[in-house]
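Visitor: I would like a guided tour of this model. Please keep it brisk.

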Amino acid sequence: MAIIEAERLTYTYPIGEKPAFKDVTLQINKGEFVIITGPSGCGKTTLCRCFNGLIPHFYGGKLEGEITVCGLRVKEHPTYEIAQHVGMVFQNPENQLFALSVEKDVAFGLENLGVPREEIRRRVDWALKITGTYDLRNRAPYELSGGQQQRVAIASVLAMNPEVIVLDEPTSFLDPVGAEQIFKVINRINKDLDITIVLVEHRLDMISKYADRVVIMQDGRIVLDGDPREVFVSEEARLIGVGIPKATMLYKILRFRGVSLERVPLSSDEACQSIIGVLKK
Amino acid sequence: MIVMEDVYFTYPSGVEALRGINLKIEDGEFVAIMGQNGAGKTTLVKHINGLLKPTKGRVLIDGVETTKVSVATLARKVGLVFQNPDHQLFSETVEEEISFALKNFGYDEKTIRERVDWALNLLDLKEYRKVSPFMLSGGERKRVALASVLAWDPKIVILDEPTIGQDYRQKERLRQFILQLRRQGKTIIIVTHDVEFVAECSPSIILMREGRIVAMGEAKEILTNEILVNQASVALPEITKIFKGLEDLGFPSKVIDVYEAADILYKRLGEQT
C-alpha cells in the first residue's frame, strides 16, 4: 500500500528560475526503507520537504502535479496536520533541540497536542528507550555529543507516533561511531515498529544493507529506482557518480577482472561471506 | 615546519582541551587529524595559525613562536579553512570574498585580479564571481571559503572537516586538489571523521583522544589497528573490515585501499574461478 505517492510532481522555489525537481513520480509503500541519494543540488532535500508539507505551505513557490502522504493531499492539508503522520529529522540536531532537558524536548510535541499526562510519560519513556537515550533524559541537550543529540531528535519525532520518518543526512556532523548508532536506531524503528523510513544520504557504506530500495536523483529528476544491489552496480550509477558502498565497489572491480562473487554485497560482512563462499567451493 | 612542545590549552570555561601535545610536521607533509568530537582536533589546528596561544608549552612555525608574531603575519604562512563556511564568509560577492585578504596583505590590483581569477578557476566558481556567497549551496560556500584562503598562497593549508556535506564527485575533486597542492610542496593538514576519505588519500595520521595524541603513523598502520581506532571513536575502513573477517584464511589484515584489496583477492580467487 502506498504511503507516499507523487505523481508528475514539479516544484520551483519562489526565487528560483528553474524547477528544483521536475516531473517526479514516486511511490513509497508502507513499511519500506528507502534511501534517496544523488549529487549535491539534485533536488533530494527539496523533494523531502514535500513529504510533510513544508513545501508548499512554508516555502511557498509553485508546486505542480499531485502528492498524497498518508492519505492526505499535501496541497490541501497544512503542515501541522501532516506532521502528525510524518516526522522530519534534519542534518544538524542543534537546530531541532531547544528545551532545557532531553525529556522536555521529547515531550514538547505531545504537550502541544494536549495528550494526557500519563500517555505523554509512557510515550516519552518508550521513545527514549528505543533510541538509547533513556539514561540521558535529565541532561541538557546542549551538553550532549552530536550523536546523542541526533538520537534525541529522533526520539522527539518518534514520540509523536508517526507512520513515516524522513531523515535528511542525519549523520553528516557525526563521527563514524555516532553515525553507526544512528543507523542502527533507524533500522530498528523500521524493522520492529514497521515505520516507513525515507533517508537522504551520501554516505552509503554503513546504511545500504538495511534499505529495501534506493532512489537516485540527478538534476531534479529520478533517474534510478530499485533494489540497491541492482542500482549500485548499474552503469548509470557509475556515470552519475554515486558513492556506492566500498564492498559493492570491490565486487564491481573483481567482476570486471573476471571474478564473480555470488551476490552483490552491500556491506563488509556480506562481502566477507561471499568471498569465503567462493574459497570453499 | 610545525613544532609543538608540551602544549596545554584550557578554555576560559575551564575545559582542558589540549593536555601535553608534542608533534613535528615537516614541510610538504600531508597529515590527517582524527578522533571523536571534543577530542581537541580543532583546538589543536587553531594553535597552528595562532588563533589560540598555548596556556603552557610552545608552538613554533618555521622556528618562530606563535606568541611572538601577530595572527595576521602568521596567516600569510598558514591558511585555515573552517568546518562551517558561514563562520568565515561575510562579503557581498564571491569575488570580494576572495580578494579581501589579498587587499589586506597589500597586494597591488593586478596581482589581486590574477590571484582571484586563479582561485575562481581552480575551484570551479567562475560563474559565481558576482553572486553573493549566501545564495550558494553549502558545498559551494565551502569551495568559496577554500578559494579565499588559497588565493593568498599560504605554505601550510589546514582544512577542518572538508568533506562534510560534499557528495562523491566533490570529494573526488577535493582529493585531486589535495594531490595538486602537495605537488606544489604545500603542507596539508586535514581534520576529519571521514575514514573512507582518509583511506583513499592515505596521509599520515594523528589520532587524538581527550586532548592527547594517542597515536601517530601511516594510515595503513593506524586505521587497521582495531583497538586504537575504537579508543578514538573512529571506525575501521570498510575494506579493512572485510580483510579482518578473512584473516583466518591467511589474508593480510592491513589493507585499506579498494584497488589493493581487489589485487589481493584476484590472485587468490582468480585461480578458483
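What follows is a set of questions and answers on sheets, helices, domains and contacts.

Guide: This is a predicted model, in which local features need pLDDT of at least 70, side-chain atom pairs count only at pLDDT 80 or more, and totals for chains, interfaces and linings use all residues. Residues are numbered from 1 along each chain as its sequence is written, while chains are lettered from A and ligands numbered from 1 in the order in which they are written.

Visitor: What is the strand order of the six-stranded open sheet in chain A?
Guide: Helices (H or I, at least four residues) and strands (E, at least two) are DSSP runs, numbered from the N terminus. Two strands pair if DSSP finds at least two bridges between them. Here the pairing is mixed, and the order is β6-β7-β8-β3-β9-β10.

Visitor: Why do β6 and β10 of chain A count as edges?
Guide: Each has a single partner strand. Therefore one side of each is left without a neighbour in the sheet.

Visitor: By how many degrees are neighbouring strands of this sheet turned against each other on average?
Guide: Axes are lines fitted to C-alpha atoms, for helices over the stretch in contact, and angles run from 0 to 180 degrees between N-to-C directions. For this sheet average, direction is ignored. The value is 15 degrees.

Visitor: How many bridges join β7(A) to β8 of chain A?
Guide: β7(A) also pairs with β6 (residues 86-89) of chain A, in the parallel sense over four bridges. There, M88(A) has V166(A) as its bridge partner. On the β8 (residues 196-200) side, D168(A) stands opposite V200(A). That pairing is parallel too, and the count is five bridges.

Visitor: How many residues of β7(A) are buried?
Guide: A residue is buried if 20 or more other C-beta atoms lie within 10 Å of its own, exposed if 12 or fewer, and partly exposed in between; C-beta atoms are placed from the backbone. Strand β7 spans residues 164-168 of chain A and is mostly covered. The buried count is four of its five residues.

Visitor: Which residue of β10(A) is the bridge partner of V214(A)?
Guide: β9 (residues 213-218) of chain A and β10(A) pair in the antiparallel sense, over five bridges. The partner of V214(A) is G226(A).

Visitor: At what angle does α7(A) run to β8(A)?
Guide: Helix α6 (residues 146-158) of chain A lies across β6 and β7, at about 170 degrees to β6(A). α7(A) lies across β3 (33-37), β7 and β8 of chain A. Its angle to β8(A) is about 150 degrees.

Visitor: Which residues does V198(A) touch?
Guide: Contact means that two C-beta atoms, placed from the backbone, lie within 7 Å. A nonpolar core is a set of buried Ala, Val, Leu, Ile, Met, Phe, Trp, Tyr and Cys residues joined through C-beta atoms within 7 Å. The largest such core has 171 residues, and V198(A) is among those with the most contacts inside it. Not counting residues up to four places away in sequence, V198(A) touches I28(A), V34(A), I36(A), C48(A), F51(A), V164(A) and V166(A).

Visitor: How far apart are the axes of α10(A) and α11(A)?
Guide: The contact is made by A247(A), L250(A) and Y251(A) of α10(A) and S268(A), E270(A) and A271(A) of α11(A). The two helices pack at an angle of about 35 degrees. Their axes lie 8 Å apart.

Visitor: How many residues of chain B are in contact with chain A?
Guide: On the chain A side, α7 (176-193), α10 (246-256) and α11 (268-280) each supply at least two residues. Chain A gives 33 residues to the contact. Chain B gives 34 residues.

Visitor: How far apart are the C-alpha centres of the two domains of chain B?
Guide: Domain bounds come from an automatic or database domain assignment. Chain B is divided into domain 1 (2-223) and domain 2 (237-273). Their contact takes six residues from domain 1 and seven residues from domain 2. The centres lie 34 Å apart.

Visitor: Which residue stands opposite I61(B)?
Guide: An open sheet of chain B has four strands in the order β2-β1-β4-β5, with antiparallel pairing. Its edge strands are β2 (16-25) and β5 (64-65). β4 (residues 56-61) and β5(B) pair over two bridges. Opposite I61(B) stands V64(B).
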